[in-house]
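Let's take a walk through this protein together. Have the sequence and the 3D view handy, and look up each residue as we get to it.

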Amino acid sequence: MARNLLARYIWLIDSIRRYGCITREKLNELWMQSPYSDGSPMPRRTFYNYRAAIEELFNINIECNPSTYEYYIDSGDSHQESVTDWLLNSAAMSNVLSTVKDVSDRIFLEDVPSARLYLSQVISALREHHPLHFTYRPYTRVNPTRDVVIEPYFLKIFRQRWYVTGLNVRDGIIKTYALDRMEDVVMGSETFSPDGNFDAENFVKDSFGIVFNQSEPRSVVIRANSRRAKYLRALPLHHSQREELHDDFSDFHYRLRLTPDLVQELLSLGADVKVMSPPQLRAMVTTALKAAIDQYGE
């Protein structure tokens, strides 16, 4: 696809989203001011072609209100909208970066190595309900686990790594695997029937990171100094985040399962935050801090 054409799709989506609802006349006015126009309105056939392409590429429906003749984005459910936003941001970023070769030596990006080899294959298995066969090399063991077979349920990206979660056929339990630790991945020709009782969004909603134990979610409160509070407002730790503002600090409330991923995240915030509750989480963080201090003892 031509880079310029992708940029036009993104421009059209962003323009409609920015206004919420917009008429073709207003859209044409914006189009004529954009860098993609020669000063002429967007032809009706071109608009319809762009609508069809956007629906196919991004799963975004541009609908028309028949009573007002205004166009709007049919957002669908909130999870689908977040995936769409991620795709749009990625496409927009790729579009921008493809134009900056002259300053590429001054642009530094985070690598996502696990997306290169197997991501498209895992997505195909997820879509078509095929099992995945692979060898796995976890960091916690010297020898790899061979002949792993899973029925993939969902994908998640976390800390620049992709993870697939699914039913381990041999063990009969749900497990999570990092794509960058998978080898010799083969998509099986057979198909499986998805568990109709499994709800992926509900499975992950109370967890931070990629440790999905199904313990009871707890009410978590962390106290952050005023500087750290600004960062947490801009980039919430979790979708359940709720802030209680005070003069010199903020208490952030969450509903979360107590997992090693959560403890590691809190440790990374250092002295900027303090766990207020529950006591179990305070103990987990304190134990980890003491173990770290012991590393530097005599």
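Predicted model: local features only at pLDDT ≥ 70, side-chain atom pairs only at ≥ 80, totals over all residues.

Start with the largest nonpolar core, which is made up of 43 residues. As for secondary structure, strand 5, running over residues 145-158, gives the most to it, with 6 residues. There's also a second, separate core, this one of 21 residues, including Leu27, Leu30, Trp31 and Tyr71.

Now zoom in on Ile222. Leaving out residues up to four places away in sequence, Ile222 touches a whole list of partners, among them Leu232, Leu237, Phe252, Tyr254 and Met276.

Is Ser37 buried or exposed? It's buried, because its relative accessible area is 17%, and the cut-off for buried is under 20%. A polar atom of the Ser37 side chain sits 2.9 Å from the backbone nitrogen of Gly39. Beyond its sequence neighbours up to four places away, Ser37 touches Trp31 and Met32.

Finally, how many disulfides are there? The count is 0. Take Cys21: the closest cysteine sulfur, in Cys64, is 9.9 Å from its own, so that's too far for a bond. A disulfide needs the two sulfurs within 2.5 Å. Cys21 is partly exposed, at 41% relative accessibility, and Cys64 is partly exposed as well, at 29%.

Terms used: Residues numbered from 1 in each chain as written. Heavy atoms only, no water. Buried < 20%, exposed > 50% of the residue type's maximum accessible area, 1.4 Å probe, protein only. Core = buried A, V, L, I, M, F, W, Y, C linked by side-chain atoms within 4.5 Å. Helix = DSSP H or I, 4+ residues; strand = E, 2+ residues; numbered from the N terminus. Contact = heavy atoms within 4.5 Å. Polar contact = N/O pair within 3.5 Å; in protein donor to acceptor, adjacent residues only side chain to side chain.
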